[in-house]
Amino acid sequence: MGRIKTIARRSFLVGSAAVVGGVAFGAYKLRETPQNPLTQSYGSAALNPFVIIDQNGVTLIAPKAEMGQGVHTTWAALIAEELDLDWQDIKVLHGPPAKAYYNSALMGMALPFQDYEMTDFKKSIQEIVGDTAKLIGLQLTGGSTSAKDGFDRMRIAGASARETLKLAAAQQLGIPVDQLSTDAGHVLAPDGSKLSYSALALAAAEIDPPRVTLRDPSTWRYLGKTMPRIDMAEKVTGAAKYGSDIALQGLRFATVKMNPKHSGMKSFDARVAKEMPGVEKVIDLGDGFAVVATNTWLAMQAAEAVNVIWEAAPYPQTSDTMQKAFVAALSKQPEAIELKSGDFDEPHKGTKIDAEYSVPWLAHASMEPMTATALFENGELSVWAGNQAPLSAQKACAEAVGIEPEKVTLNTPYIGGSFGRRGNTDFTVQVAKIAAALPGTPIRLVWSREEDMRRDYYRTAATARFKGVIENGTALTIDGNIAAVSSEVVGPGKHLPGVQDQPYDIPNYRMAGHAVNLAVPTGYWRAVEHSFNCFFLESFIDEMAIAASRDPLTFRLDMLAKQHAPSAKLLETVAEMSSWGAANGGNSAKGVAFSYSFGTPVATVCEVVNTDGMIELSNIWIACDVGTALDPGNIEAQMVGGSLYGLSAALYGEITFYDGEVEQTNFPDYDAIRMANCPDFEVKILENNPYIGGVGEASTPPAAPALTNALFALTGQRARKLPLYTQFNL
């Protein structure tokens, strides 16, 4: 956003006639989206929110945060494809908070449609409902929706820009528009002369973009191919700007300590801290305090010198006590039954099995801890903070310092990992309050890793109880009950994605959600409910296959083939990739798992090897069906990254409580897979699904059960509880 201002000042407001005539194109005119924020905020002649053309070239204003998922690269390719630009000639900037940047794809996901049963009619309804996101200002990077949300909108933006520029050229040249073409940032005339987009911007700004027809995929130059990351050079050279890289004149440095028991603060004594040379201010934040100093390390040292009396935690004091609440919830009537098919009134004959599973609380542990920079002066606030929800962050900051949202300029730099954590606004509110306490002084807030671990919005712990009946070698009945802390968005008990929406053909299939009311702060974690529900369901299906004396992969394949052919094809593919069924040595084994999440089915096979009593992950094979693969290289990277995130959690991830406080503080006690124990990956991308799917989270859910199913195949020991380091020599 700082760069947007730079462009606005240099290119739109201060410069030449072309500056005044700078023009932005997008889906706005075609869909009547809200007012263009660029016009409002920067006084330019921009007409639409997404594409700016000026004498410096073309800039894509991307409302999606770039946090390693590659969205800026894919969105640039979508624009370039229709705008006839060389892909590398497009600059990409984060967009400001604005309703125009609503997330239509995410809103559409609220409809109770099963992805594997999607039809063109349902898709059209989903798109209509999705557009209502602009009414509530749903500007959010999440839900693996970036590619889905931009797939049509960005191509329309590029195409409408192209055709408007051609109309402008037709007026100047006095020839019919249908005799003009475009290439490499120019409109071409039949005689070979050409006009640059920049030269046409002023005239194009006066023309309403026409309706356009999108190009056939067979003409794509960039989409469908692996593209170099548009943010790569900045990131490998250290030039990329994150929240902690913002350097302002007179900058001061802050850190915070909040109640580790997630409650209030009775009192604090900061006399020792205030006497430390370089400490400039200690600020009461209500449930904690901030220290401002001349450098970050000093601020953190001073924060440790403050004596604090915290209020008690509003939840049970230990993890074991909390676990009793989960078990107790399973004994009560469910708050929600999201899936019920078949007959449960009569007992079913066959082989009966049952099992109970549990998963712990998890932290996000993003590589970049919470950090932000802010300046409050003349009644206005400027904030630089990596965030996934700009409108929410802007509103929360405004409320925190008592000004209108329009007085808050929120800038979104790159994000060094989030996985849902930066959908929360706590750290942005803190930096706003600190800056307001020191008007005219820019403040850089950096959380310590320990603060990040103790004050997270955790993925809920969960406990499940499954019962099943096997008849004639297949699943006749599955009856699952799952207890978890439900998010405020989905409602009590409705934490069932990942078990209620899988394309398994099971005659009697019921899933019930039980609400656990604990005041532990919870939030969105990579793949959210899918991440634990897939472990429950895929573990139980594996147990059913073993009880039926069936091969676990073909046991699943039979059920998927009857319900969803592309998913069945995935299992066949991953079986071929992994040489499933081939004789393993006595010291190795494979496990399989399947998940349909965020519009993308994924099948994973994990291989583990016993080497002198030590079990290692040797290979992971992943087959996914994304419908339309916009950037295969990026999709592969997301599949590997998502799988590693799930495997790390399965192996080591566990947040525990003692005396009301989180016991883990840093990576030594909240570990992850390292380079030394990272398995080899092979990914195959299929395009049999009719609609484009998300990729950022889809490979996380099957990672854990593929691993635990492999461990069972190797050791005969069934892991019904995570993490695994407590049960296996890994």
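Are Glu368 and Arg422 buried or exposed? Both of them are buried, and that is a handy way into this predicted model.

The chain has a mean pLDDT of 91, and 93% of its residues come in at 70 or more. Residues 1-22 are another story: pLDDT stays under 50 there, although the model gives this stretch 63 contacts beyond four places in sequence. Residues 40-45 also sit below 50, with 18 contacts in the model beyond near neighbours in sequence.

## Salt bridges

There are 30 salt bridges in the structure. One of them pairs Asp287 with Arg455, with the closest N and O atoms 3.5 Å apart. Asp287 is in the loop between β10 and β11, while Arg455 is in the loop between α17 and β19, so this pair ties together parts that are 168 residues apart in sequence. Asp287 is partly exposed, at 24% relative accessible area, whereas Arg455 is buried at 14%.

Back to the opening pair: the side chains of Glu368 and Arg422 meet in a salt bridge at 3.4 Å, N to O. Glu368 belongs to the loop between β14 and β15, and Arg422 to the loop between β17 and α16, 54 residues apart. Glu538 and Arg556 form another salt bridge, at 2.7 Å from N to O. Here the link runs from helix α18 to helix α19, across 18 residues, and Glu538 and Arg556 are each buried. Salt bridges with shared partners also join Glu66, Arg229, Asp231 and Lys235 into one network.

## Around Asn387

Take a look at Asn387, in the loop between β16 and α15.

Leaving aside residues up to four places away in sequence, Asn387 touches Ala65, Leu410, Thr412, Ile415 and Arg422. Arg422 is the partner of Glu368 in the salt bridge described above.

## Helix α13

Helix α13 covers residues 296-304, and its buried residues are Thr296, Leu298, Ala299, Met300, Ala302 and Ala303. What covers them includes β8, α12, β10, β11 and β18.

Note on methods
Residues are numbered from 1 along each chain as its sequence is written. This is a predicted model: local features need pLDDT of at least 70, side-chain atom pairs count only at pLDDT 80 or more; totals for chains, interfaces and linings use all residues. Side-chain values use heavy atoms; hydrogens and water are left out. Helices (H or I, at least four residues) and strands (E, at least two) are DSSP runs, numbered from the N terminus. Contact means heavy atoms within 4.5 Å. Buried means under 20% relative accessible area, exposed over 50%, partly exposed in between (1.4 Å probe, protein chains only). pLDDT is the predictor's confidence in each residue, from 0 to 100. A salt bridge is a side-chain nitrogen of Lys or Arg within 4 Å of a carboxyl oxygen of Asp or Glu.
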